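Please take a moment to look over the structure shown here before reading on. The explanation after it is meant for someone who has not seen this structure before.

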Amino acid sequence: MFATPATGQKSRASVPAGVRRGSITVPMDADALVQAIASSADRQAFARLFDHFAPRVKGLLMRGGTPPDLAEELAQETLMTVWRKAALFDPAKAGASTWIATIARNLRIDYARREKRSRLSQVFDILEDEEGPEQPDDVLSGSERDARVRVALKGLSKEQYRVVELAFLEGFSHQDVANKLSIPLGTVKSRLRLAMAHLRRHLEDLR
(Lines give C-alpha, C1' and ligand atoms only; values in the text may rest on other atoms or scores of the structure.)
Protein backbone atom coordinates (compact mmCIF):
# COMPACT_ATOMS: atom_id res chain seq x y z
CA MET A 1 0.00 0.00 0.00
CA PHE A 2 1.31 3.43 -0.92
CA ALA A 3 1.44 6.43 1.39
CA THR A 4 0.72 9.74 -0.31
CA PRO A 5 3.87 11.83 0.37
CA ALA A 6 2.06 15.16 0.25
CA THR A 7 -0.70 14.14 2.65
CA GLY A 8 0.69 11.22 4.64
CA GLN A 9 -2.56 9.33 4.03
CA LYS A 10 -2.67 5.69 3.01
CA SER A 11 -4.09 4.95 -0.43
CA ARG A 12 -6.02 1.90 -1.57
CA ALA A 13 -4.74 0.19 -4.70
CA SER A 14 -8.19 -0.45 -6.16
CA VAL A 15 -8.46 -0.88 -9.92
CA PRO A 16 -11.35 1.11 -11.38
CA ALA A 17 -13.03 0.29 -14.64
CA GLY A 18 -11.35 1.78 -17.65
CA VAL A 19 -7.77 0.78 -16.80
CA ARG A 20 -6.26 -1.20 -19.63
CA ARG A 21 -3.51 -3.78 -19.10
CA GLY A 22 -0.16 -2.43 -20.33
CA SER A 23 -1.23 1.18 -19.97
CA ILE A 24 -2.30 3.60 -17.28
CA THR A 25 -5.33 5.03 -19.01
CA VAL A 26 -7.63 6.57 -16.41
CA PRO A 27 -11.27 7.68 -16.24
CA MET A 28 -10.43 11.05 -14.66
CA ASP A 29 -9.23 14.48 -15.72
CA ALA A 30 -5.62 13.86 -14.88
CA ASP A 31 -4.50 16.74 -17.09
CA ALA A 32 -6.45 19.20 -14.93
CA LEU A 33 -5.01 17.74 -11.74
CA VAL A 34 -1.45 18.15 -12.98
CA GLN A 35 -2.20 21.70 -14.05
CA ALA A 36 -3.68 22.43 -10.61
CA ILE A 37 -0.44 21.22 -9.02
CA ALA A 38 1.57 23.40 -11.41
CA SER A 39 -0.49 26.54 -10.89
CA SER A 40 -1.14 26.44 -7.13
CA ALA A 41 0.73 23.48 -5.61
CA ASP A 42 -2.69 21.94 -4.97
CA ARG A 43 -2.09 19.14 -2.45
CA GLN A 44 -5.55 17.65 -2.83
CA ALA A 45 -5.05 17.39 -6.57
CA PHE A 46 -1.72 15.68 -5.95
CA ALA A 47 -3.27 13.27 -3.45
CA ARG A 48 -5.92 12.25 -6.00
CA LEU A 49 -3.30 11.87 -8.69
CA PHE A 50 -1.05 9.85 -6.38
CA ASP A 51 -3.83 7.56 -5.20
CA HIS A 52 -4.81 6.85 -8.75
CA PHE A 53 -1.47 6.57 -10.51
CA ALA A 54 1.01 5.16 -7.96
CA PRO A 55 -0.41 1.59 -7.95
CA ARG A 56 -0.85 1.67 -11.70
CA VAL A 57 2.70 2.84 -12.34
CA LYS A 58 3.90 0.06 -10.02
CA GLY A 59 1.87 -2.48 -11.99
CA LEU A 60 3.16 -1.13 -15.26
CA LEU A 61 6.76 -1.46 -14.11
CA MET A 62 6.21 -4.95 -12.72
CA ARG A 63 4.71 -6.10 -16.01
CA GLY A 64 7.98 -4.93 -17.55
CA GLY A 65 9.94 -7.21 -15.21
CA THR A 66 10.77 -4.80 -12.37
CA PRO A 67 10.75 -6.47 -8.91
CA PRO A 68 7.82 -5.38 -6.67
CA ASP A 69 9.87 -3.46 -4.08
CA LEU A 70 11.79 -1.55 -6.73
CA ALA A 71 8.61 -0.95 -8.74
CA GLU A 72 6.95 0.61 -5.68
CA GLU A 73 10.01 2.78 -4.98
CA LEU A 74 10.13 3.97 -8.59
CA ALA A 75 6.37 4.57 -8.63
CA GLN A 76 6.66 6.86 -5.61
CA GLU A 77 9.64 8.62 -7.19
CA THR A 78 7.61 9.03 -10.38
CA LEU A 79 4.78 10.78 -8.58
CA MET A 80 7.19 12.96 -6.61
CA THR A 81 8.72 13.99 -9.93
CA VAL A 82 5.23 14.92 -11.11
CA TRP A 83 4.88 17.11 -8.00
CA ARG A 84 8.21 18.83 -8.61
CA LYS A 85 7.95 19.21 -12.38
CA ALA A 86 4.23 19.72 -12.91
CA ALA A 87 4.97 23.10 -14.50
CA LEU A 88 6.75 21.29 -17.34
CA PHE A 89 3.63 19.33 -18.28
CA ASP A 90 2.27 20.34 -21.69
CA PRO A 91 -1.13 18.78 -22.48
CA ALA A 92 -0.71 19.85 -26.10
CA LYS A 93 2.11 17.30 -26.45
CA ALA A 94 0.68 14.37 -24.50
CA GLY A 95 -1.93 13.54 -21.87
CA ALA A 96 -1.00 13.31 -18.21
CA SER A 97 -1.12 9.50 -18.20
CA THR A 98 1.35 9.33 -21.09
CA TRP A 99 3.57 11.95 -19.45
CA ILE A 100 3.59 10.07 -16.14
CA ALA A 101 4.31 6.75 -17.88
CA THR A 102 7.23 8.40 -19.68
CA ILE A 103 8.63 9.69 -16.37
CA ALA A 104 8.38 6.18 -14.89
CA ARG A 105 10.09 4.60 -17.87
CA ASN A 106 12.92 7.16 -17.78
CA LEU A 107 13.45 6.60 -14.04
CA ARG A 108 13.60 2.84 -14.67
CA ILE A 109 16.19 3.38 -17.41
CA ASP A 110 18.24 5.68 -15.14
CA TYR A 111 18.14 3.04 -12.39
CA ALA A 112 19.34 0.34 -14.81
CA ARG A 113 22.21 2.55 -15.94
CA ARG A 114 23.26 3.26 -12.34
CA GLU A 115 23.18 -0.47 -11.58
CA LYS A 116 25.32 -1.24 -14.61
CA ARG A 117 27.87 1.41 -13.65
CA SER A 118 27.93 0.03 -10.10
CA ARG A 119 28.62 -3.50 -11.30
CA LEU A 120 31.40 -2.32 -13.60
CA SER A 121 32.97 -0.43 -10.71
CA GLN A 122 32.91 -3.65 -8.68
CA VAL A 123 35.25 -5.27 -11.20
CA PHE A 124 37.71 -2.40 -10.86
CA ASP A 125 37.42 -2.49 -7.06
CA ILE A 126 38.23 -6.21 -7.09
CA LEU A 127 41.38 -5.55 -9.10
CA GLU A 128 42.43 -2.85 -6.66
CA ASP A 129 41.79 -5.09 -3.66
CA GLU A 130 43.89 -7.86 -5.19
CA GLU A 131 46.86 -5.72 -6.11
CA GLY A 132 47.30 -3.20 -3.34
CA PRO A 133 45.92 -0.22 -1.43
CA GLU A 134 43.28 1.97 -2.97
CA GLN A 135 44.44 5.02 -4.82
CA PRO A 136 42.27 8.03 -5.64
CA ASP A 137 41.24 8.05 -9.26
CA ASP A 138 42.24 11.58 -10.11
CA VAL A 139 42.76 10.91 -13.79
CA LEU A 140 39.45 9.58 -15.06
CA SER A 141 35.90 10.16 -13.91
CA GLY A 142 33.77 7.24 -12.79
CA SER A 143 31.94 7.07 -16.10
CA GLU A 144 35.20 7.12 -18.07
CA ARG A 145 36.62 4.41 -15.85
CA ASP A 146 33.51 2.30 -16.30
CA ALA A 147 33.80 2.70 -20.06
CA ARG A 148 37.37 1.39 -19.88
CA VAL A 149 36.28 -1.58 -17.75
CA ARG A 150 33.48 -2.31 -20.23
CA VAL A 151 35.95 -2.35 -23.13
CA ALA A 152 38.35 -4.58 -21.17
CA LEU A 153 35.54 -7.02 -20.38
CA LYS A 154 34.70 -7.28 -24.08
CA GLY A 155 38.23 -8.55 -24.64
CA LEU A 156 37.57 -11.65 -22.55
CA SER A 157 36.64 -14.92 -24.16
CA LYS A 158 32.99 -15.90 -23.88
CA GLU A 159 33.86 -18.52 -21.25
CA GLN A 160 35.99 -16.11 -19.20
CA TYR A 161 33.37 -13.39 -19.33
CA ARG A 162 30.70 -15.78 -18.09
CA VAL A 163 32.64 -16.78 -14.97
CA VAL A 164 33.50 -13.13 -14.25
CA GLU A 165 29.87 -12.18 -14.67
CA LEU A 166 28.65 -14.90 -12.33
CA ALA A 167 31.42 -14.62 -9.71
CA PHE A 168 31.90 -10.86 -9.51
CA LEU A 169 28.88 -9.16 -11.05
CA GLU A 170 26.22 -11.54 -9.72
CA GLY A 171 28.02 -12.63 -6.55
CA PHE A 172 27.99 -16.42 -6.91
CA SER A 173 30.64 -18.44 -5.08
CA HIS A 174 33.23 -20.24 -7.20
CA GLN A 175 31.57 -23.56 -6.39
CA ASP A 176 28.16 -22.19 -7.36
CA VAL A 177 29.62 -20.96 -10.65
CA ALA A 178 31.03 -24.44 -11.28
CA ASN A 179 27.67 -26.03 -10.52
CA LYS A 180 25.79 -23.51 -12.61
CA LEU A 181 28.02 -23.99 -15.65
CA SER A 182 28.55 -27.74 -15.07
CA ILE A 183 32.33 -27.39 -15.18
CA PRO A 184 35.02 -28.37 -12.62
CA LEU A 185 35.87 -25.93 -9.82
CA GLY A 186 39.47 -25.87 -11.06
CA THR A 187 38.29 -24.70 -14.48
CA VAL A 188 36.36 -21.85 -12.87
CA LYS A 189 39.44 -20.71 -10.94
CA SER A 190 41.64 -21.03 -14.02
CA ARG A 191 39.29 -18.94 -16.14
CA LEU A 192 39.06 -16.31 -13.40
CA ARG A 193 42.87 -16.10 -13.11
CA LEU A 194 43.19 -15.61 -16.86
CA ALA A 195 40.36 -13.07 -16.90
CA MET A 196 41.87 -11.06 -14.03
CA ALA A 197 45.27 -11.08 -15.70
CA HIS A 198 43.67 -9.75 -18.88
CA LEU A 199 41.80 -7.02 -17.01
CA ARG A 200 44.89 -5.99 -15.05
CA ARG A 201 46.88 -5.63 -18.27
CA HIS A 202 44.22 -3.45 -19.87
CA LEU A 203 43.43 -1.36 -16.78
CA GLU A 204 46.89 -0.99 -15.30
CA ASP A 205 47.09 2.71 -16.10
CA LEU A 206 43.90 3.39 -14.14
CA ARG A 207 45.32 2.09 -10.89
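Predicted model: local features only at pLDDT ≥ 70, side-chain atom pairs only at ≥ 80, totals over all residues.

Two packed helices are described by the angle between their axes and the distance between the axes. In this model, helix α6, which covers residues 158-169, and helix α7, which covers residues 174-181, have axes that come within 9 Å and cross at roughly 130 degrees. On the α6 side the contact is made by Arg-162, Val-163, Leu-166 and Ala-167, which meet His-174, Val-177, Lys-180 and Leu-181 of α7.

The aromatic rings come next, and here a search of the whole structure finds three aromatic pairs. One of them joins Phe-46 and Phe-50 in a tilted arrangement, with 5.9 Å from centre to centre and 55 degrees between the planes. Because Phe-46 and Phe-50 are four residues apart in helix α2, which spans residues 43-63, about one helical turn separates them. Phe-46 has a relative accessible area of 0% and is therefore buried, and Phe-50, with a relative accessible area of 0%, is buried as well. Another tilted pair is formed by Phe-89 and Trp-99, whose ring centres are 5.2 Å apart and whose planes stand at 45 degrees. This pair links distant parts of the chain, with Phe-89 in the loop between α3 (68-85) and α4 (96-131) and Trp-99, ten residues apart from it, in helix α4. Phe-89 is buried, because its relative accessible area is 8%, and Trp-99 is buried too, with a relative accessible area of 17%, a value that falls under the 20% limit for buried residues. Returning to Phe-46 and Phe-50, ring pairs link these two and Trp-83 into a cluster.

The last stop is His-198, which lies in helix α8, made up of residues 185-203. Is this histidine buried or exposed? With a relative accessible area of 10%, His-198 is buried. When residues up to four places away in sequence are not counted, His-198 touches Ala-152, Gly-155 and Leu-156.

Key:
Residues numbered from 1 in each chain as written. Heavy atoms only, no water. Axes fitted to C-alpha atoms, helices over the stretch in contact; angles between N-to-C directions. Helix = DSSP H or I, 4+ residues; strand = E, 2+ residues; numbered from the N terminus. Contact = heavy atoms within 4.5 Å. Phe/Tyr/Trp six-rings, centres within 6.5 Å; stacked < 30°, edge-to-face > 60°. Buried < 20%, exposed > 50% of the residue type's maximum accessible area, 1.4 Å probe, protein only.
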